[in-house]
Amino acid sequence: MTTSKRLADRKIEKFDKNITKRGFVPETTTKKGKDHPVGPILLGFFVFVVIGSSLFQIIRTATSGGMA
């Protein structure tokens with residue numbers, strides 16, 4: 001089973017068109033804007049936990065008298 005000349009020419013033409021387009025991404029497919037993967041509430045909660053934990057550790061170390 002061999003492919004017809006017309007079918008082969010069509011596939012070659014389609015492949016050649018694709019070769020010239022490589023590396024050129026249309027601007028419509030690229031992400032633009034300010035889409036944050038994490039919401040501001042979750043980010044605020046994370047900052048609160050990290051800073052609160054560090055402050056708690058500092059206070060605990062200061063009250064226990066140094067290394068403990």
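Colleague: Which side chains meet in a salt bridge?

Modeller: The side chains of Lys5 and Asp9 do, at 3.6 Å from N to O. A salt bridge here is a side-chain nitrogen of Lys or Arg within 4 Å of a carboxyl oxygen of Asp or Glu. Please note that this is a predicted model, in which local features need pLDDT of at least 70, side-chain atom pairs count only at pLDDT 80 or more, and totals for chains, interfaces and linings use all residues. Residues are numbered from 1 along each chain as its sequence is written, and side-chain values use heavy atoms, with hydrogens and water left out.

Colleague: Where do Lys5 and Asp9 lie?

Modeller: Both belong to helix α1 (residues 5–21), 4 residues apart, or about one turn of the helix. Helices are DSSP runs of H or I with at least four residues, strands are runs of E with at least two, and numbering starts from the N terminus.

Colleague: Why does Lys5 count as exposed?

Modeller: Lys5 is exposed because its relative accessible area is 62%. The classes are buried under 20%, exposed over 50% and partly exposed in between, with a 1.4 Å probe and protein chains only. Asp9, at 37%, is partly exposed.

Colleague: Another topic: what does UniProt list for residues 41–59?

Modeller: An unreviewed UniProt entry lists them as "transmembrane region"; such annotations may be inferred rather than shown by experiment, and positions follow the numbering used here, with feature names shortened. In the model, this span is 100% helix and 0% strand, with its end C-alpha atoms 26 Å apart.

Colleague: How much of the chain is buried?

Modeller: Buried residues account for 0% of the 68 residues.
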